[in-house]
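Here is a short report for a first look at this structure. Keep the sequence and the 3D view at hand while reading.

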Amino acid sequence: TLCISGNSPLLHLRRRNNSRIDKTGISSFGRALAGSCQLKELKFDRFEDFENDATAALFTNLANNIKIKHITLSNNDIGNDGAETISNALRVNTSICRLDLTGNNISDAGAQAIGSALRVN
């Protein structure tokens, strides 16, 4: 279990240029976020192994986290499959106010999927 699970006082987390956290680590982190974590802002920028599988691992768990408000996942090589996963989470999680996906590989189709989720949100 990660140290952020439970009633953690951690409110903001930023990790950048990190090649040491793999898909399994991101999935574990996502499971910790699904609980009663108090984290309000998450920034994962320039991860080498993030991509679509890690996006699915993170957002599947974030769908039910009502505390998190701001998410930055810039420059992580997220593609349309990741965008679809994000859009599915956004249909459930209405607490996310800001989402930064700058510098990823999301095409117009992926952006449209996220945009349609936001209209429902």
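## Charged pairs and the core

At 26% relative accessibility, Lys43 counts as partly exposed. The model is predicted. Lys43 pairs with Glu41 in a salt bridge. Glu41 is buried, because its relative accessibility of 16% is under the 20% cut-off.

The count of salt bridges comes to two. The other pair joins Asp45 and Arg46. Asp45 is buried, at a relative accessible area of 7%. Arg46 is partly exposed, at 35%.

| Salt bridge | Closest N and O atoms |
|---|---|
| Lys43 and Glu41 | 3.6 Å |
| Asp45 and Arg46 | 3.2 Å |

Lys43 and Asp45 also meet Arg15. Arg15 touches both, along with Phe44 and Phe47, leaving aside residues up to four places away in sequence. Arg15 sits in strand β1, residues 12–16. Its relative accessible area is 34%, so Arg15 is partly exposed. Arg15 and Phe47 are 32 residues apart along the chain, yet their C-alpha atoms are separated by 8.4 Å.

Next, the core. The largest nonpolar core holds 24 residues, and Leu42, Leu58, Phe59 and Leu73 have the most contacts inside it. At least two residues each come from α1, β2, α2, α3 and α4. In soluble globular proteins, nonpolar side chains tend to be buried together. Beyond four places in sequence, Leu42 touches residues including Leu13, Phe29, Leu58 and Ile71.

Helix α3 has 13 residues. At 1.5 Å a residue it should span 18 Å, and its end C-alpha atoms are 19 Å apart, which agrees. Its buried residues include Gly82, Ile86 and Leu90.

Notes. Residues are numbered from 1 along each chain as its sequence is written. This is a predicted model: local features need pLDDT of at least 70, side-chain atom pairs count only at pLDDT 80 or more; totals for chains, interfaces and linings use all residues. Side-chain values use heavy atoms; hydrogens and water are left out. A nonpolar core is a set of buried Ala, Val, Leu, Ile, Met, Phe, Trp, Tyr and Cys residues joined through side-chain atoms within 4.5 Å. Buried means under 20% relative accessible area, exposed over 50%, partly exposed in between (1.4 Å probe, protein chains only). Helices (H or I, at least four residues) and strands (E, at least two) are DSSP runs, numbered from the N terminus. Contact means heavy atoms within 4.5 Å. The expected span of a helix is 1.5 Å times one less than its number of residues. A salt bridge is a side-chain nitrogen of Lys or Arg within 4 Å of a carboxyl oxygen of Asp or Glu.
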